[in-house]
Amino acid sequence: MSSGDGRMQDSSSVGHLRIAAIVPCHNEEVTVEKVVTDLRASVPEMTVYVYDNNSTDRTAERAEAAGAIVRREERKGKGNVVRRAFADIDADVYVMVDGDDTYEASHLPEMIDLLLSGPYDHVLGVRQDTQATSSYRPGHEAGNRMFNRLTGWLFKDSVTDMLSGYRVFSRRFVKSFPAVSKHFEIETELTVHMMSLRIPNVEVPVGFRDRPEGSESKLSTFKDGFRILGLIASLVRHERPSLFYGLLTLFFALVSLGFGLPVVYEFWQTGLVPRLPTAVLAACSMILAFLMLSVGLVLDGLRRERREQARLHYLSLPPAVTTNAHSVPVRTDLAGTRIETEVPRNGVA
């Protein structure tokens, strides 16, 4: 396996590593065999785990025939599969890739080498079309850009392709990740976990293509989009309570002022309060505003304590193996051209 700077690594530096690929699958008999074969060819020392998620076709048989270890998760949803796999599998390096044969397995050695030589705890494969026509379904590209910008703004970080299903993780990322998502919003949760703990991260362009003929996508543009929005709102409430409850405080304060100022002005002029229900509504809204402010301050303190504990747990796990401590990662575009880069600030490219 070649290192990130183009030199060959000593085989002993990689041979002792346990590398596991996690491939969630639901009715992927058309593609799973090629995915497993390509993964094993790109990194021969890697163990491929295919998680059959209630498939009604021959996904499990095809995966097993290709040399994968097949396990089953009965609770439907990619998030349930990832949570189960992260809990069950013990490895030094984890690869997560979809079983639909839309990602180029040939990029995997580069991603693993970059994880180790960084060292990083998360390598994100940023999808780049390798076809004349776009491989994105209508609406997915625009939605992806919107979610990238929204998440980056809310959590004060940047990401180019947060919905990518092609990632490489270190052991301490996986074992410190409290997966709670059930479905395709798991990628959003992974991204926010990386942002919240400021985990060293780097992005790599990877080839992305359409599903082969006969293979059908399980994604629903609007249904999954609303799930992702709901998860982002929930994560903002948990990870940035000062922002979430601060907006509620502002809302109730504006409602109170909007209804209350005319009542106060009328009382100032006449000494009477003829619109008593409006005055009560304004007073209650201001009480709610102060209540939301208090809740936000308390939860922000608890969030800080919880994040410190999560960070300490993350740091208690061993880091990714550094194969070349002084090397500067070299990235390539899809044509194989070397792109010289400096080590990114905070470990994020």
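Biologist: Let me start with one side chain: is Asp-88 buried, partly exposed or exposed?

Modeller: Buried means under 20% relative accessible area, exposed over 50%, and partly exposed in between (1.4 Å probe, protein chains only). Asp-88 has 38% relative accessibility, so Asp-88 counts as partly exposed. Before we go on, this is a predicted model, where local features need pLDDT of at least 70, side-chain atom pairs count only at pLDDT 80 or more, and totals for chains, interfaces and linings use all residues. Residues are numbered from 1 along each chain as its sequence is written, and side-chain values use heavy atoms, leaving out hydrogens and water.

Biologist: Which side chain meets Asp-88 in a salt bridge?

Modeller: A salt bridge is a side-chain nitrogen of Lys or Arg within 4 Å of a carboxyl oxygen of Asp or Glu. Here the partner is Arg-84, at 2.6 Å from N to O. Both residues sit in helix H4, 4 residues apart, about one turn of the helix. Helices (H or I, at least four residues) and strands (E, at least two) are DSSP runs, numbered from the N terminus. Arg-84 is partly exposed because its relative accessibility is 32%.

Biologist: How many salt bridges does the structure hold?

Modeller: There are 20. One of them joins the side chains of Arg-18 and Asp-90 at 3.3 Å, N to O. That pair links distant parts of the chain, 72 residues apart: Arg-18 is in the loop between helix H1 (11-15) and strand S1 (19-25), and Asp-90 is in the loop between helix H4 (78-88) and strand S4 (93-96). A network of salt bridges also links Lys-34, Asp-38, Asp-101, Glu-104 and Arg-209.

Biologist: And which residue forms a salt bridge with Asp-52?

Modeller: Arg-72 does, at 3.9 Å from N to O. Asp-52 belongs to strand S2 (residues 47-52) and Arg-72 to strand S3 (residues 69-72), so this pair ties together parts 20 residues apart in sequence. Asp-52 counts as buried, because its relative accessibility is 7%.

Biologist: How many disulfides are there?

Modeller: A disulfide is a covalent bond between the sulfur atoms of two cysteines. The cut-off used is a pair of cysteine sulfur atoms within 2.5 Å, and the structure holds 0 disulfides. Cys-25 is buried, because its relative accessibility is 2%, while Cys-284 is partly exposed at 41%.
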